[in-house]
Amino acid sequence: MSTIDYQERIPNNVGLSSDRKLQRALEKWQPAFLEWWSDMGPEGFQASDVYLRTAISAEPGGWAVFDHVKMPDYRWGIFLADQDPDRKIHFGDHIGEPVWQEVPGEYRNILRRIIVTQADTEPASVEQQRYLAKTAPSLYDMRNLFQVNVEEGRHLWAMVYLLHAYFGRDGRDEAEELLARRAGDVDKPRMLDAFNQECQDWLTFFCFTMFTDRDGKYQLAALAESGFDPLARTCSFMLTEEAHHLSVGELGMQRIIERSAELSMLDPNGDARAQGGIDMATLQKWINYWFSYSIDLFGSEVSSNAADFFGAGIKGRYREASLWDEHTALEQFVTLDTISGGRISREEIPLRNAMNEVLRSEYIKDTERVLRRWNKALAKLDYPGQITLPDRKFHRRQGLYAGLHFTPQGELIDQATFEARRHEWLPTDEDRAYVRSLMVPVHEPGQCAHWIKAPHRGINRQPVEFEYVRP
Ligand SMILES: [Fe+2]
Ligand SMILES: [Fe+2]
């Protein structure tokens, strides 16, 4: 087990001090990163003491240190899961060959593109979330937001390390560009659509961490299988951080859903809004919106790029080694809905070309598991309704179903019908204004906003009323 050296300017477990050139390059990038953090990181709380966790080793259990830290003093660093010297490529066309410790020339461009695309999402989400702390529903939630934010910053470090260490000049240029693009900017937007959306309310934040960070989990898991070993090891470690982001989203949503049920059952007309909460219909619209945006991130259902990535041994399936028996993915097919002549029909697609869809399906299964937990919580409260996921074809802007219109149940409809019913399925301006009107700060220890249930338990065995952020 490798421990992390916190004595160095850039904490790392990659022996940075033995590669002077790389160390110098990264030390040059570091002040630019800090400047970006102070410009685009959480607004207004940079001088506060925040109860943050820091990794002490690259093992899954290596999270022992929790302490009050000012965010700009957070020790962002480079942590890779330990190397397995006998590791072999275990899928695609190179099965059985030793994994690569350097970038193979023929795959240089696709690897760079994959790394840059992943990297771009990390600072983007920090930018999207930068005003949220001002309206945090509790100090507990504010601290979780900041923990997610500093870790997304660290994920940027993880990717920038790969770019600097393995892609020479091009990599250094890309690393600079990562600090130049801005979420939602008209001239220099972030690369992916979901990462240019606004995040001005906490319902959106919890949807984002529930649905969009979960895309991150699946992308990282697919890359953790990679034959390019440094990428696989980086992503393995990032996954341990990502798990926390997902739990922030899942539990945050559950607290809102439970409050919504309680308030609606309290109200004579069953209206949670009349009781100062968020009604279930509005929650469902947010879920429809963020689920559909997030599954777009997996890319096109039928993709020759995806086939190439798999064949090259660069991007595997979710848990390629343990969930699947056959690892060439040749002469196999996936059946999916295609549209022709205004009708949905089923078509067989060669498995390698359907890798995006295979990963999306794993994501959907995972999301369905969370919905079952939410619905169980609703049943426990004797609430008569349920939360559902829309069909994967609903409200898509990428892939086979983009430009077409479907109901949340997956029925093909025309544009006029969709537009006429849009307000039933997706957030309206009025819904957004209402949700925003609830976003008033509750920054007293142990207190929580009315529209969301207080958390069950605190962080790291601290009580709920612990001062997770000190002003
Ligand atoms: Fe991340
Ligand atoms: Fe994340």
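What follows is a set of questions and answers on a predicted model, moving from single residues to helix pairs and then to strands.

Me: Why is Glu331 called exposed?

Reply: Glu331 has 9 other C-beta atoms within 10 Å, and a residue counts as exposed if that number is 12 or fewer, so Glu331 is exposed. Glu331 belongs to the loop between α9 (320-323) and β3 (333-340), and its phi is positive, at about 55 degrees, although it is not a glycine.

Me: What makes Asn460 partly exposed?

Reply: Asn460 has 13 C-beta neighbours inside 10 Å; exposed residues have 12 or fewer and buried ones 20 or more, and Asn460 therefore counts as partly exposed.

Me: How do you know whether α6 is roughly parallel or roughly antiparallel to α10?

Reply: Helix α6 (residues 229-266) packs on helix α10 (residues 355-380) at an angle of about 30 degrees, with the axes 10 Å apart. Angles under 35 degrees count as roughly parallel, and α6 is therefore roughly parallel to α10. The two helices cross in the right-handed sense. On the α6 side the contact involves Glu250, Met253, Gln254, Ile257, Glu258 and Ala261, which meet Val370, Trp374, Ala377 and Leu378 of α10; by class, the residues of this contact are 7 nonpolar, 1 polar and 2 charged.

Me: What is the angle between α1 and α3, and which residues make the contact?

Reply: Helix α1 (residues 20-40) and helix α3 (residues 139-166) pack at about 150 degrees, their axes lying 11 Å apart. Angles over 145 degrees count as roughly antiparallel, so that is the term for a pair at about 150 degrees. The contact is formed by Leu22, Ala25, Leu26, Trp29 and Trp37 from α1 together with Gly153, Val160, Tyr161, His164 and Ala165 from α3. These residues comprise 8 nonpolar and 2 polar, with no charged residue, and the crossing of α1 with α3 is right-handed.

Me: What makes β2 and β7 the edges of their sheet?

Reply: The sheet is open, with 3 strands in the order β2-β1-β7 and antiparallel pairing. Both β2 (65-70) and β7 have a single partner strand, so one side of each is left without a neighbour in the sheet.

Me: How do you know that β1 and β7 count as paired?

Reply: Two strands pair if there are at least two bridges between them, and 2 bridges join strand β1 (residues 49-54) to β7, the two running antiparallel. In one of these strands, β7, Arg470 is the bridge partner of Asp49. Helix α3 lies across β1 and β7, at about 50 degrees to β1.

Me: Why is β4 said to lie largely in the open?

Reply: A residue is buried if 20 or more other C-beta atoms lie within 10 Å of its own. Of the 8 residues in strand β4 (residues 343-350), the number that are buried is 0, so the strand lies largely in the open. Strand β4 pairs with β3 in the antiparallel sense over 8 bridges, and Val334 stands opposite Ile349 of β4. The hairpin of β3 and β4 has 2 residues between the strands, and in this hairpin Gly341 takes a positive phi near 55 degrees.

Key:
Residues numbered from 1 in each chain as written. Chains lettered and ligands numbered in written order. Predicted model: local features only at pLDDT ≥ 70, side-chain atom pairs only at ≥ 80, totals over all residues. Helix = DSSP H or I, 4+ residues; strand = E, 2+ residues; numbered from the N terminus. Axes fitted to C-alpha atoms, helices over the stretch in contact; angles between N-to-C directions. Left-handed = near helix turned anticlockwise from the far one by under 90°. Contact = placed C-beta atoms within 7 Å. Nonpolar A, V, L, I, M, F, W, Y, C, P; charged D, E, K, R; others polar. Parallel < 35°, antiparallel > 145°, perpendicular 65-115°, else oblique.
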